[in-house]
Every structure is written in C-alpha cells, then in structure tokens.
Amino acid sequence: VPVMLYAFGIAIAQFIWVSEGLSQTLGLSLARMDPHLVLIVFLPILLYDSAMQIQLPALRHVQNLVALLAGPGCIIMALLMAPLAQLVYRDWSLLEAAMLGAILCATDAVSVTSILHEVGADIKLQTLVEGESLFNDASAIVMFEFIEAAILQEQDVSGF
C-alpha cells in the first residue's frame, strides 16, 4: 500500500506539473485547491489499511495506553514543540508555533508496524503502535482545527 500511495503521489505531481500551462490558460489553478479536500480524500485512504488490520480484542487490552499516548501525549508533544518552533521562526506567534506542533505530533507508524509484523512481535505491542498511530492522527487533526480557529479568531479581533 505505501508503494502504491507513493506512485499515486508522483502521478498527481506530474499531472499538476504538466497541466499547469493548460490550467493557467483556462484560468484554473490546482495549487489553489482547498486543503480540506485533500484531508477528506487522502486521509481515509491512508488510515483504511491500519484500521482494517487492527485486531479489536487486542485493542481492548491496550486501549488505556492508546488513549494516553494519543490524547495527552499528542497535546504535550505539540505544546513542547511550540517554544522550539518559536526559536527557529522568531516572528511566529505561540499559536502558529503550536499549529506546527500539532502537525508534527501526528506520527506515521507504517514502517514500525511492518517491522513488528516481520519480526513476529507480540500482538499487544503491534496493536499498541497501530492504535496509537490511528488515534494520534485524529487527535492531531482536532488539535489543528482548534488552533486554526483560535488563529482566525485572533485575526478577526485584531483587524487583520
């Protein structure tokens, strides 16, 4: 599945690059595509395989750890990333830096889960990693949306 997604991404990039001249001629631009469309179209494809592979009885055994890592763990990581991002990007507000933290806290455990499957690791460990990855993505999306709303509200209040 990751190889197919990679090839699909390259095909889309080539299509955008080739069609850029045509789209400019027609007055259309694929670069102005709504980012929520990408979220709605591609994220379910990425999460489908992990969601279908996860074993529910094993997930029930590790659900507390998954919830701890995906909920508070994601929030703590995003909040720890914010000051570090402000050190690099000095003109960013704390909210903008926290938004970067929300983006970066969404881990992709595809390679880790494939290695765990290959070496025959305990099913609880595999389920913990897969479940944390699935729920971590959801936590990161929710956190990103909250921070985005706060930034937009802050801009409305300040008149920008």
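Predicted model: local features only at pLDDT ≥ 70, side-chain atom pairs only at ≥ 80, totals over all residues.
Residues are numbered from 1 along each chain as its sequence is written, and side-chain values use heavy atoms, with hydrogens and water left out.

**Figure 1. Overview of the helices of the protein.** The protein contains eight helices and zero strands, where helices (H or I, at least four residues) and strands (E, at least two) are DSSP runs numbered from the N terminus. Along the sequence the pattern reads α-α-α-α-α-α-α-α. Of the 160 residues, 24% count as buried; buried means under 20% relative accessible area, exposed over 50%, and partly exposed in between, with a 1.4 Å probe and protein chains only. Among contacts (heavy atoms within 4.5 Å) with a separation of 6 or more, 72% are accounted for by residues 24 or more positions apart.

**Figure 2. Packing of helix α4 against helix α5.** Helix α4 (residues 63–70) and helix α5 (residues 72–88) pack at an angle of about 20°, with their axes 3 Å apart. Axes are lines fitted to C-alpha atoms, for helices over the stretch in contact, and angles run from 0 to 180 degrees between N-to-C directions. The two helices, α4 and α5, are therefore roughly parallel to each other, as angles under 35 degrees count as roughly parallel, over 145 as roughly antiparallel, 65 to 115 as roughly perpendicular and the rest as oblique. A67, L68, L69 and A70 of α4 meet P72, G73 and C74 of α5.

**Figure 3. Surroundings of T127.** T127 lies in helix α8 (residues 123–158). Its relative accessible area is 1%, so T127 is buried. Apart from neighbours within four places in sequence, T127 contacts I54, Q55, A58, L59, V62 and E132.

**Figure 4. The aromatic pair of Y89 and W92.** One aromatic pair is counted in the model. Y89 and W92 form this pair, which is stacked, at 4.3 Å centre to centre and 15° between the planes. Rings of Phe, Tyr and Trp (its six-membered ring) pair if their centres lie within 6.5 Å; planes under 30 degrees apart count as stacked, over 60 as edge-to-face and the rest as tilted. Y89 is partly exposed at 37% relative accessibility, and W92 is partly exposed at 27%.

**Figure 5. The cysteines C74 and C105.** C74 is buried, with a relative accessible area of 2%, and C105 is buried at 1%. The whole structure holds zero disulfides, a disulfide being a pair of cysteine sulfur atoms within 2.5 Å.
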